[in-house]
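Please look at the sequence and the structure first.

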Amino acid sequence: MSAPVRFLPLVDTHAHLNLDAFAADLDDVVARSRSGRFPEIRGRRVEDALFRPFVAAAVCPAVDLESSLRSLELSRRFDALFAAVGIHPNHAALAEPGDWEAIERLALAAVDDVKVDANAPNADAAGSAPTALDGAKLVAIGETGLDRYWDDAPFDVQSALFLKHLELGRRTGLPVLIHSRDANDDLDAVLRDFYADASVSPNSPDSPKLTAKSPSPGVVHSFSGTPEQALAWTELGFYLGFGGFVTYPNRKFAEIAEAAQVAPLDRVLLETDAPFLTPHPLRGKLERNEPLTTAFVAKRIAELRGLSVADVVRQTTENAARLFRFPTLPTEPSPL
Ligand SMILES: [Zn+2]
Ligand SMILES: [Zn+2]
């Protein structure tokens with residue numbers, strides 16, 4: 001008699017399903033992710049005979065006000081999708097006056113049940129907050145952070161906006177999704193400074209930073225730092241999101257793999273950054289990355305740490321549920 005298949009509920013903690021890349025077939029993408037089926041990759045199965053991973057939940061980060069509203073809308077439409085609101089550092093210079101304030105209002109209204117007066121000035125900038133939030137599942141602020149790779153916005157503009165997101169995270173108790181590309185030393189300085197008064201750890205019950213809402217200030221997503229930074233940032237209370245980078249065999253990424261080896265396992269999250277950063281061995285074979293490829297990230301982290309894939313999936317899903325305070329997630333895939 002063959003052993004029963006075990007289902008492995010994954011969480012993709014960073015999937016841009018609210019971007020145009022998914023506009024035409026989002027229903028299919030979500031259904032495929034929830035079912036754990038990857039029919040278009042011939043000859044490659046995410047599952048093996050015993051384990052069938054599927055995506056139980058995905059967090060959709062925003063890059064601007066429009067995608068923030070879209071993220072909220074998707075979280076309303078799909079049980080498995082959760083929303084974030086924020087302005088990406090590469091979009092920092094494109095934001096219109098009032099965009100940040102509208103995002104702030106949404107986040108505050110989501111956690112405080114603030115009744116936004118529909119007649120107040122600017123109340124309609126993003127539609128009214130109660131309408132946008134109605135039935136939506138807002139779980140995070142972002143993405144925000146620093147980016148010297150693309151250099152799309154002046155660094156001081158990025159930095160100022162980043163600090164506003166951190167303040168909003170602190171005010172709302174919602175975790176912040178942090179982006180850092182070629183800016184890990186800058187990020188290190190900001191985090192140490194912003195969270196410096198932690199003679200008590202941000203996770204101790206005595207910490208002034210711990211709110212009733214949040215067990216952590218957030219996650220450094222698509223982690224690309226050193227092993228030392230991995231340890232320092234988790235010490236400050238952060239989670240680390242690992243995605244495509246950790247799977248790339250190129251020596252350039254060896255340090256990231258090392259960080260994934262030494263980071264406390266209860267702070268490790270899986271992510272895709274879909275539609276970007278498709279993991280090895282699918283890189284170059286998929287037109288765009290999709291949430292289900294987190295299974296390959298889990299597999300890689302399992303190899304690096306000498307654990308089973310099932311253990312890595314179980315622990316990372318538990319971590320995500322803790323950080324984002326998910327409701328009970330499905331334990332079985334849905335039919336395709
Ligand atoms: Zn990012
Ligand atoms: Zn992203």
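## Asparagine 184

Leaving aside its neighbours within four places in sequence, which residues is asparagine 184 in contact with? They are Ser224, Gly225 and Gln229, where contact means that the C-beta atoms of two residues, placed from the backbone, lie within 7 Å.

Asparagine 184 belongs to helix α6 (residues 184-194). Because it has 18 C-beta neighbours inside 10 Å, asparagine 184 counts as partly exposed; a residue is buried with 20 or more other C-beta atoms within 10 Å of its own, exposed with 12 or fewer, and partly exposed in between.

## Basis of the model

This is a predicted model, in which local features need pLDDT of at least 70 and side-chain atom pairs count only at pLDDT 80 or more, while totals for chains, interfaces and linings use all residues. Residues are numbered from 1 along each chain as its sequence is written, and chains are lettered from A and ligands numbered from 1 in the order in which they are written.

## Overall composition

The protein contains 11 helices and 8 strands, taken as DSSP runs (helices: H or I, at least four residues; strands: E, at least two) numbered from the N terminus. Of its 336 residues, 49% count as buried.

## Nonpolar core

The largest nonpolar core has 90 residues; such a core is a set of buried Ala, Val, Leu, Ile, Met, Phe, Trp, Tyr and Cys residues joined through C-beta atoms within 7 Å. Strand β2 (residues 51-60) gives the most to this core, with 7 residues.
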